[in-house]
Amino acid sequence: MIRKIIKIDEGKCNGCGVCAAACHEGAIDIVDGKAKLVRENYCDGLGDCLPACPTGAITFEEREAPEYDEKAVWESKQKKLRENGMAISHEGCPGSRMHTMNPGSSHTENTHSGASVSELRQWPCQIKLVPVNAPYFNGSKLLIAADCTAYAYANMHSEFMKGKVTLIGCPKLDSIDYSKKLTDIISNNDIQSVTIVRMEVPCCGGLEMAAKKALQASGRFIPWQVVTISIDGKIRQILPNTGF
């Protein structure tokens, strides 16, 4: 797959090893006095190593590379911790640890204060991070939304997120095809309906196409609709299920 990954300029590298220490995934080793990206599938493309490099030897590039393998990274971390007599209970970054929320529990308190209420029911919500077989998917209504929609449309929580499991992504910034993961989510869980909310800009078409492709590949007949939001925060179009 084509994705963002780090690039190390060996001519600038002084072999200090600071980048290897900064890489929490263990993608970098010092080989023959130079930093090398030895495990491409361990590189998440976030670049914690970039600011750590004192010589500016590390940059980003987009090229053909193996997909980031969070499971392999976690297993490697577990192995190292077991060797030191320790263990961790969560795969990957603590920020992607799964949580289930009950938005209704805070409605009364916030209604009295006049504050808006969050309708987010689970964490994480990024398509890239959400577990495929998370228990909250079973029997759920699925919202697949472009990142920008929550900022452009004022009533995103009350009109679209309420009562749904929310997944967000940006096909332009993430530079990946969401369709495989979305297919797995729809195929392996009892999804009741799918709502796709996108912006009117052309790059958002990638999210819509990935969701439609996943629905088709799942082989399941599930009610779905596409809602398009304009850049000035209005509902531009609602397309109901028209079949494939």
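Select I186, which has its place in helix α7. The model is a predicted one. Is I186 buried or exposed? I186 counts as buried because its relative accessibility is 1%, and the cut-off for a buried residue is under 20%. Now display what surrounds this side chain. Leaving aside neighbours within four places in sequence, I186 is in contact with L142, I191, V194, A214, L215, S218, R220 and I222.

**Second stop: helix α8**

Select residues 205-218, which make up α8. This helix has 14 residues and reaches 20 Å from its first C-alpha to its last, close to the 20 Å expected at 1.5 Å a residue. Which residues of α8 are buried? They are G205, L207, E208, A210, A211, K212, A214, L215 and S218. The elements that cover these buried residues include β7, β8, α6 (171-174), α7, β9 and β10.

In soluble globular proteins, nonpolar side chains tend to be buried together. The largest nonpolar core here has 38 residues. Select F137, L142, I144, L167, L182, V194 and V197, which have the most contacts inside this core. At least two core residues come from each of β7 (141-146), α5 (156-161), β8 (165-169), α7 (179-188), β9 (193-199), α8 (205-218) and β10 (224-229). Apart from this core lies another, of 19 residues, including C23, A27, L37 and V73.

Return to L182 and show its contacts. Not counting residues up to four places away in sequence, L182 touches I127, I144, L167, A210, A211 and A214.

Select β7, in which 5 of the 6 residues are buried. β7 pairs with β9 in the parallel sense over 5 bridges, and 5 bridges also join β7 to β8, again running parallel. Which residues stand opposite L143 in these two strands? In β9 the bridge partner of L143 is T195, while in β8 L143 stands opposite T166.

Q225 has P240 in β11 as its bridge partner. The two strands form a hairpin with 5 residues between them, and G233 in the turn has a positive phi of about 85°.

Show the side chains of Y153 and F160. They form a tilted aromatic pair, with 5.7 Å from centre to centre and 55° between the planes. Both residues are buried. Then select K4 and F60: the charged end of K4 sits over the ring of F60, 4.7 Å from its centre.

**Last stop: the whole chain**

Finally, display the whole protein chain, which has 8 helices and 11 strands. Of its 244 residues, 39% count as buried. Among contacts in the chain with a separation of 6 or more, 65% are between residues 24 or more positions apart.

Notes: Residues numbered from 1 in each chain as written. Predicted model: local features only at pLDDT ≥ 70, side-chain atom pairs only at ≥ 80, totals over all residues. Heavy atoms only, no water. Phe/Tyr/Trp six-rings, centres within 6.5 Å; stacked < 30°, edge-to-face > 60°. Buried < 20%, exposed > 50% of the residue type's maximum accessible area, 1.4 Å probe, protein only. Lys NZ or Arg CZ within 6 Å of the ring centre and 35° of its normal. Core = buried A, V, L, I, M, F, W, Y, C linked by side-chain atoms within 4.5 Å. Helix = DSSP H or I, 4+ residues; strand = E, 2+ residues; numbered from the N terminus. Contact = heavy atoms within 4.5 Å. Pairing = 2+ DSSP bridges. Expected span 1.5 Å × (residues − 1).
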